[in-house]
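Q: I'm new to this one. Can you put it on screen and walk me through a few spots?

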Amino acid sequence: MSDSGPPPGAYDDMPAPVPPAFAKVTDINAESSPVVASGCKEWLDDFKTSQKVGIVLAFLVLIILLFIEISEEHPKANEALACSLFLTIFWVFEVIPVAMTSILPVIVFPLAGVTSGRDTASRYYNFIQFLFIGAFLVVVAIEEVQAHKRFALTVVSYIGVKPMRILAGLMAVSFILSMFASNTSTTILLVPVVSGLIHGKTDPDSLRFEKGALLGIAYGATSGGLSTLIGTVPNGIFAGVFAQTFPEAEGVTFAKWMAFAFPIALLMGMSAWAVLSIAYMRNLKIQLDKDIIKDDLAALGPVTRDEKYLFAVIVIMLLLFVARPEGISPFVGECENPNPNLTASDEYACDDINGIWTSFIDDGTMSCLAALILFFVPSSHRPGEMILTSKSFSKIRFDMLLLFGAGFAIANAFTASGLSLVLGEQFGKLQESMSDFGFVFAITFIVCYFTEMTSNTATSSILIPILLSVAVDTETNPYLLGLPVTIASSLAFMLPIATPPNTVVYATDKVSFWDMIKAGFWLNNIGVIIVSCMVFVTGNVFTDLNTFPDFAQP
């Protein structure tokens with residue numbers, strides 16, 4: 001046997017041998033590629049089409065705006081705008097759970113260098129959140145004792161069973177209550193009424209009615225809140241900022257504000273009823289027979305002790321809301337004045353010595369005080385327990401509190417980045433090139449949709465001072481700019497974050513973003529037209545809007 005090797009060049013055309021380790025890697029890569037592709041496809045399949053659109057649109061807007069410099073003086077303004085629009089798209093398309101989107105400001109604003117994480121997080125809890133907490137606890141008590149079912153059946157037994165009449169009745173109650181109490185609390189208290197009307201029914205017509213009725217309560221509260229200074233926060237902000245900016249002016253009184261705003265609020269309420277009736281209440285077949293309603297009402301038996309106590313607490317809470325601005329806040333606080341030899345024990349005495357009064361009481365205090373009472377009232381349904389217990393806190397929608405807090409975080413980013421000043425400058429340029437009506441229409445339209453991105457409180461807090469300054473600079477009557485921006489701050493019917501009643505209704509999980517957008521889009525545009533026209537009609541109760549008043553002279 002010969003041990004000679006193969007002839008020279010026999011293996012020249014063969015590939016070089018691959019070490020085993022590298023061969024394994026090659027095999028893994030070859031096998032893993034389709035696995036990775038399949039995994040990505042499965043991951044994408046977990047998202048709805050609308051969510052995929054939202055992801056692409058949000059990041060596209062974010063990237064584009066990050067590379068656009070909208071102000072050399074305020075270089076962070078474009079980052080603030082980009083992040084805010086990014087968050088808004090995530091909310092609209094519900095890319096991730098709303099609660100998680102509400103936490104995103106703590107992530108995106110610090111990463112973009114707009115505000116610090118500590119500063120952003122500090123905006124999430126204030127008196128408005130505690131107003132929610134207290135009112136939510138009262139609602140939990142209403143559901144515990146079934147008071148909402150009795151109230152719903154009683155209302156329906158008087159107004160009839162036709163859907164449009166029921167909607168009108170609920171909206172009228174919501175409208176009237178929100179004139180004198182917080183529109184947030186009004187909405188929270190009336191939401192269980194709708195649940196009582198269709199309790200246990202899941203047919204399409206009942207669900208459609210429920211959506212329309214819930215939106216009706218929210219829109220009725222928003223409309224009614226426009227009519228008084230205490231009905232919604234922006235109204236009070238305008239009165240306070242106006243008084244500080246123009247101390248020599250007569251000021252915004254309760255009576256004058258109502259004379260100006262009530263006609264606007266009434267027109268908005270009627271418009272909301274018409275839109276919701278067309279969108280949700282036509283051709284409904286709901287089984288709400290009068291005899292059945294009377295039987296259900298009789299089956300509840302006499303009013304229980306729990307219901308009586310609860311009714312008393314609700315009355316106390318509403319009275320506290322109404323009495324606080326003039327009857328409580330002026331007497332609980334401290335006076336800051338330049339003369340240490342002069343002291344004042346209340347707001348009126350503080351005004352006499354030209355001091356600045358800081359009240360210690362707000363609506364959050366009143367709301368939590370009312371809820372506190374129910375933790376000391378024994379329950380007749382559950383012997384040995386109070387009407388509210390520690391278990392009641394598990395029923396509070398804390399994710400909605402995060403949603404509302406996110407609005408304040410966005411508003412803070414607007415201010416910190418200088419974006420609010422950039423917008424103010426644009427308003428000033430716009431005013432110089434337009435007629436008074438055209439400018440009022442423009443700012444009403446802009447603010448109406450701008451407030452969809454932030455809470456109405458945040459919007460008014462940012463824009464009212466800006467517009468009053470623009471009025472002085474351009475020698476325009478301050479009321480002509482301040483009144484429409486104040487009303488427009490609450491003309492937000494499309495998104496949950498925009499105004500508290502929207503947030504409350506969305507918290508029921510019965511109304512989606514798209515439901516709110518579908519009706520809210522029309523109401524936003526109707527509201528812009530109504531406000532733009534009515535400011536020139538009823539706004540003259542304050543002063544002649546065609547003149548530049550002496551109190552505004554620099």
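Q: Which helix holds W257 and F260, and how many residues apart are they?
A: This is a predicted model, so keep that in mind throughout. Both W257 and F260 lie in helix α13, which covers residues 254-281. They are 3 residues apart, about one turn of the helix.

Q: Are those two buried or exposed?
A: W257 is buried, and F260 is buried too.

Q: How many aromatic pairs are there in the whole structure?
A: A search of the whole structure gives 26 aromatic pairs. W257 and F260 form an edge-to-face pair, because their ring planes stand at 70° and the cut-off for that label is over 60. Their ring centres are 5.3 Å apart.

Q: Why quote both a distance and an angle?
A: An aromatic pair is described by how far apart the ring centres are and by the angle of the planes.

Q: Which residues do ring pairs link into a cluster?
A: The cluster contains F238, F242, F246, W257, F260, Y479, F542 and F551.

Q: Let's zoom out. How many helices and strands are there?
A: The protein has 24 helices and 2 strands.

Q: And what share of the residues is buried?
A: Of the 554 residues, 51% are buried.

Q: Which residues form the nonpolar patch on the surface?
A: The patch is made of M100, I103, V106, I107 and L111. Together they have about 420 Å² of accessible area.

Q: Which helices supply it?
A: Helices α4 (98-103) and α5 (105-111) each supply at least two residues. The most comes from α5, with 3 residues.

Q: Where does I103 sit, and how is it classed?
A: I103 is in helix α4. It counts as partly exposed, because its relative accessible area is 32%, between the 20% and 50% cut-offs.

Q: Different spot. Where is P338?
A: P338 is in the loop between β1 (333-336) and α16 (347-352).

Q: Is P338 buried or exposed?
A: P338 is exposed, because its relative accessibility is 74% and the cut-off is over 50%.

Q: How far apart are P338 and I356?
A: They are 18 residues apart in sequence. In space, P338 and I356 are 9.4 Å apart, C-alpha to C-alpha.

Notes: Residues are numbered from 1 along each chain as its sequence is written. This is a predicted model: local features need pLDDT of at least 70, side-chain atom pairs count only at pLDDT 80 or more; totals for chains, interfaces and linings use all residues. Side-chain values use heavy atoms; hydrogens and water are left out. Helices (H or I, at least four residues) and strands (E, at least two) are DSSP runs, numbered from the N terminus. Buried means under 20% relative accessible area, exposed over 50%, partly exposed in between (1.4 Å probe, protein chains only). Patches are made of residues with over 30% relative accessible area and no salt bridge: like charges are joined within 9 Å, nonpolar side chains (Val, Leu, Ile, Met, Phe, Trp, Tyr) within 5 Å. Accessible areas come from the Shrake-Rupley method with a 1.4 Å probe; for residues, only the protein chains shown count as cover. A salt bridge is a side-chain nitrogen of Lys or Arg within 4 Å of a carboxyl oxygen of Asp or Glu. Rings of Phe, Tyr and Trp (its six-membered ring) pair if their centres lie within 6.5 Å; planes under 30 degrees apart count as stacked, over 60 as edge-to-face and the rest as tilted.
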